[in-house]
Amino acid sequence: MWLRPNRMLSRRGLRRLIMVLAALALTTAGLGAWQGNVFAPLFALIESCAMALALRQAWRAGDRSERITLDASSLEVRSLPGRRRACFQSYWVRVRLEPGNGRGRLLLGSHGRELEIGSFLAEEERAALSRKLKVLLADVQGQRRG
C-alpha cells in the first residue's frame, strides 16, 4: 500500500497561484506608491517572496508518503522521501487506533516497539486504513495457523 496525503494543486497550479497573488500584491503596492507610499512596492516584493517560499514549502510537504508491504513473515513500513524503515513480524504486529484531541493516531506495535503511520491522513482515512490492516493481518495470521 502507498499512503500519500491529498494534494489539491499540481506544480503548475502552484506556480499560477503564486503569480496571481504576487501580481495582486504588486498592483496594490503600485497604487499605494502612486498615492505617496514609496516603500509599498518594496514591502510587496518582500511579502510576495515570503509567501511564495511558504506556499512552496507547504506544497513540498505533500511529497511525503509511506509504503506498507505485508507478506507472510513481515510487515514493513518505509517513509519516503526519508530513509525511515521499520519491520515487524506479521504474526505479532498489532494495529491500534488511539483517539486524541482532534487528531487520533494509528499505531503499529510489536515486542514493545510502536510506530505511528498515516499521520498526514484525515481521521476517516486513518480509521479505514486501520480496518483494512486488521483484515489483512488477520488473513496472514490465519494462514500461518492453518
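Student: Is E66 buried or exposed?
Tutor: This is a predicted model, where local features need pLDDT of at least 70, side-chain atom pairs count only at pLDDT 80 or more, and totals for chains, interfaces and linings use all residues. Numbering starts from 1 along each chain as its sequence is written, and side-chain values use heavy atoms, with hydrogens and water left out. Buried means under 20% relative accessible area, exposed over 50%, and partly exposed in between, with a 1.4 Å probe and protein chains only. E66 has 5% relative accessibility, so E66 counts as buried.

Student: In which strand is E66 found?
Tutor: Strands (E, at least two residues) and helices (H or I, at least four) are DSSP runs, numbered from the N terminus. The run that holds E66 spans residues 65-70. That run is strand 2.

Student: Which residue has its backbone nitrogen 2.9 Å from a polar atom of the E66 side chain?
Tutor: Start with the contacts of E66, where contact means heavy atoms within 4.5 Å. Leaving aside neighbours within four places in sequence, E66 is in contact with residues including M1, W2, R78, E116 and G118. A polar contact is a pair of N or O atoms within 3.5 Å; within protein, one must be able to donate a hydrogen and the other to accept it, and residues adjacent in sequence count only if both atoms are side-chain atoms. The backbone nitrogen at 2.9 Å belongs to G118.

Student: What residue lies over the face of W2?
Tutor: A charge sits over a ring if NZ of Lys or CZ of Arg is within 6 Å of the ring centre and within 35 degrees of the ring normal. Here the distance from the ring centre is 5.1 Å. The residue over W2 is R4.

Student: Which strands stand at the edges of the open sheet of four strands?
Tutor: Two strands pair if DSSP finds at least two bridges between them. This sheet has the order 1-2-3-4, with antiparallel pairing. Each edge strand has a single partner, so one side of each is left without a neighbour in the sheet. The edge strands are strand 1 (2-3) and strand 4 (85-89).

Student: Which residue in strand 4 stands opposite L75?
Tutor: Strand 3 (residues 74-80) and strand 4 run antiparallel, joined by five bridges. They form a hairpin with four residues between them. S74 has Q89 as its bridge partner. Opposite L75 stands F88.

Student: What is the omega of the cis peptide bond between L80 and P81?
Tutor: Most peptide bonds are trans. P81 is found in the loop between strand 3 and strand 4. The bond that joins L80 and P81 is cis, with omega at about 10°.

Student: Which element gives the largest share of the largest nonpolar core?
Tutor: A nonpolar core is a set of buried Ala, Val, Leu, Ile, Met, Phe, Trp, Tyr and Cys residues joined through side-chain atoms within 4.5 Å. The largest one has 17 residues, and L108 and I117 have the most contacts inside it. Elements that give two or more residues include strand 6 (105-110), strand 7 (113-117) and helix 3 (123-145). The largest share, three residues, comes from helix 3.

Student: What is the phi of H111?
Tutor: Most residues other than glycine have a negative phi. H111 sits in the loop between strand 6 and strand 7, and its relative accessible area of 61% makes it exposed. Its phi is positive, near 55°.

Student: What is the angle between the planes of Y91 and W92?
Tutor: Rings of Phe, Tyr and Trp (its six-membered ring) pair if their centres lie within 6.5 Å; planes under 30 degrees apart count as stacked, over 60 as edge-to-face and the rest as tilted. The structure holds one aromatic pair. Y91 and W92 form it, edge-to-face, at 5.3 Å centre to centre. The angle between their planes is 90°.
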